[in-house]
Amino acid sequence: MKIKDRVEYTTKPDPLTCGPEESILGAAKKMSSKNYGAIVVVDGDRKVLGLVTERDIMRRTVAEERNPADTS
């Protein structure tokens, strides 16, 4: 049996995702609206490319003084 087939996971929502072209600002807004601490980056076939966390946003965008609207 796979984890996804277990009864307790059938009612869980799908993970929060975005495409690699999504801006940091857009991803942060999605995370904030759902109260998630991370977002999964997927390609067009929903293959996982990576994971962006709140800490990533702070360290790689805010601390480096990058514009989150222009950074993907």
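The largest pocket of this predicted model has a volume of about 220 Å³, the volume being the space filled by probe spheres set on grid points joined across faces, edges and corners. A pocket here is an open set of points on a 1 Å grid over the protein atoms alone, where a 1.4 Å probe fits, with protein on both sides within 12 Å along at least five of seven lines, and lining residues have an atom within 4 Å of a point. Local features need pLDDT of at least 70 and side-chain atom pairs count only at pLDDT 80 or more, whereas totals for chains, interfaces and linings use all residues. Residues are numbered from 1 along each chain, and side-chain values use heavy atoms, without hydrogens and water.

**Pocket lining**
- Of the 16 lining residues, Ile 24, Val 52, Thr 61, Thr 71 and Ser 72 lie nearest the centre of the largest pocket.
- Both α1 (24–34) and α2 (54–62) supply at least two residues of this lining, and α2 gives the most, with 4 residues (helices are DSSP runs of H or I, at least four residues, and strands are E runs of at least two).

**Helix α1**
- Ile 24, Gly 26, Ala 27 and Met 31 are buried in α1 (under 20% relative accessible area with a 1.4 Å probe, protein chains only; exposed means over 50%).
- These buried residues fall within an arc of 165° seen down the axis of α1, so they line one face of the helix, the arc being that of the directions from the helix axis to the C-beta atoms.
- On the other side of α1, Lys 29, Ser 32 and Ser 33 are exposed.
- Asn 35, which follows α1, has a positive phi near 60°.
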